[in-house]
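Work through the exercises below with the structure open. Try each task before reading its solution.

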Amino acid sequence: MLRSIARYTRLCLAEARPTVQLAFFFRYSAGSALTLLRHMPDLQRVATGELGWFCSTVAIYAFNGVTDRAEDRKNGSTRPIATGRLPVAAALALIACFAAVGTACAWSLGQRQGLLSTGFLAIGYAYSGRPFPLKQTFYTCTGAGLGLGLLTYMAGGDAAGARAGTGLLLLGGAMSVWMGGVGGIAKEFSDIDGDRLVGRRTWPIVLGEYRARRLLAIVAIGTGLAFVLIAACYDTVLLGCALTVLLGALVVSATGLDRSAPTGRRGGRRPYHAFMWTQHLAHLALAGTVFLLIAG
């Protein structure tokens, strides 16, 4: 029994996509890190918040795996639920446990963290669940990405005792646009066949693949340029992070417009991988800037 629970838990964590979990960990941590320039936060409170946000994120993405299993099979996904290694009933039970732990951790930190977590879970459920899954259309999918990103940065700042100051709002706003706008387009190119099968109206299906790729390049470079200009004008602590986003935007654009790229699921994932690596490196650039300022 315990071995089965442990195995299903491991598969549930794999279903929730570790690279996505890492991205949310960086987002939450970035929101907390900005406060280090003003005061040392309560590390136990931040760790509790991180644990709760991690559990909530696992619940959201594992639930997405449950609802996506038909198109995942069509797209040749090797995820645990799509392949049947993780039964749906076991996945749903674990999702409920992760959501409960996430909610309990958040509310133990106070009303504001609890409300942010509740909003995060509500958007996460609405993205995949009934009555109208936000993932079905390009504009609601992008809006959900924006909301999930912004709430994560705000929660990270709140856990560290920060008010929603200019730096936190600029960071959360710009990186949430990167997540919802750029990521919301980049993630769709590898799943076109399966998405069409279940009637989704994603960016490549509505615009056609090549026009969606051109839109991706415009949104990515526009987001990077705007972030650099805003950081230079209002908060230079974010400048290294913003420049990293701009450089990553060029890579996202190049991979998206590369007509010599291999076709199929593997080739379709290249813009998404560039998008994901960009946000990881941008958060590390911010961490490096904060460290140097504190050390200096």
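**Exercise 1. Find the aromatic cluster and classify a pair inside the fold.**

Start with the cluster. F24, Y28, W53, Y61 and F120 form one aromatic cluster. Rings of Phe, Tyr and Trp (its six-membered ring) pair if their centres lie within 6.5 Å; planes under 30 degrees apart count as stacked, over 60 as edge-to-face and the rest as tilted.

A note on the basis: this is a predicted model, where local features need pLDDT of at least 70, side-chain atom pairs count only at pLDDT 80 or more, and totals for chains, interfaces and linings use all residues. Residues are numbered from 1 along each chain as its sequence is written, and side-chain values use heavy atoms, leaving out hydrogens and water.

Solution. 
- Step 1. The whole structure holds ten aromatic pairs.
- Step 2. Take F24 and F120: the ring centres are 5.7 Å apart and the planes stand at 70 degrees, so this pair is edge-to-face.
- Step 3. F24 is in helix 2 and F120 in helix 7, 96 residues apart, so the pair links distant parts of the chain. Helices (H or I, at least four residues) are DSSP runs, numbered from the N terminus.
- Step 4. Check burial. Both F24 and F120 are buried. Buried means under 20% relative accessible area, exposed over 50%, partly exposed in between (1.4 Å probe, protein chains only).

**Exercise 2. Find two charges over rings.**

The test: NZ of Lys or CZ of Arg is within 6 Å of the ring centre and within 35 degrees of the ring normal.

Solution. 
- Step 1. The charged end of R27 sits over the ring of F24, 4.5 Å from its centre.
- Step 2. R213 lies over the face of F189, at 4.4 Å from the ring centre.

**Exercise 3. Inspect the backbone in two loops.**

Solution. 
- Step 1. Go to the loop between helix 7 (111–128) and helix 8 (138–159), where P131 lies. The peptide bond from R130 to P131 is cis, with omega near 10 degrees.
- Step 2. Go to the loop between helix 1 (2–15) and helix 2 (18–33), which holds R17. R17 is not a glycine, yet has a positive phi of about 60 degrees.
- Step 3. R17 has 17% relative accessibility, so R17 counts as buried.
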